[in-house]
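Welcome! Please take a moment to turn the model around before reading on.

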Amino acid sequence: MIAADPTGEVFRQAADRLMRYQFYPPDIMVAVTDASVAGRWLRVGDRLVQRVRVLRVFGKPIVELLTVNEIVAVVDESRRKGFTYVTTRGHSEQGEWSAE
């Protein structure tokens, strides 16, 4: 149990951050999605561009890895939220990743 949540507000806030792909610290990674541009949650077919900050010097990122992924599944149930993306050909790793 991470937090007491008698009203469901903690879950709603966590779900909103997850479904907007806003859960990584910005010094680790920043991302832009079709959803973020449109001001909504992720949908199947959305693209996700990640800037992974690989190397920092004096607190500034000097090496970043760019990746593009595509959302292939979305879970939007009352007690469960999440998504799955697959990597695109230009990604340094191949496969799929899910968060719920």
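The paragraphs below go from the whole protein to two of its residues.

This is a predicted model, in which local features need pLDDT of at least 70 and side-chain atom pairs count only at pLDDT 80 or more, while totals for chains, interfaces and linings use all residues. Residues are numbered from 1 along each chain as its sequence is written, and side-chain values use heavy atoms, with hydrogens and water left out.

Let us start with the overall layout. You will find two helices and five strands here (DSSP runs, H or I of at least four residues for helices and E of at least two for strands, numbered from the N terminus). Following the sequence, their order is α-β-α-β-β-β-β. The C-alpha trace spans about 45 × 35 × 25 Å along its principal axes. Of the 100 residues in the protein, 26% are buried, meaning under 20% relative accessible area with a 1.4 Å probe, protein chains only.

Now look for Gln 50 in strand β2, which covers residues 47-57. Gln 50 is buried, because its relative accessible area is 4%. Its side chain makes polar contacts (pairs of N or O atoms within 3.5 Å, where one must be able to donate a hydrogen and the other to accept it). One of them, at 2.5 Å, is with the side chain of Thr 67, and another, at 3.0 Å, is with the side chain of Asn 69.

Finally, move to Gly 8, in the segment before α1 (9-19). Gly 8 counts as buried because its relative accessibility is 15%. Gly 8 lies 71 residues from Arg 79 in sequence, and their C-alpha atoms are 9.5 Å apart in space.

Terms used:
Buried < 20%, exposed > 50% of the residue type's maximum accessible area, 1.4 Å probe, protein only.
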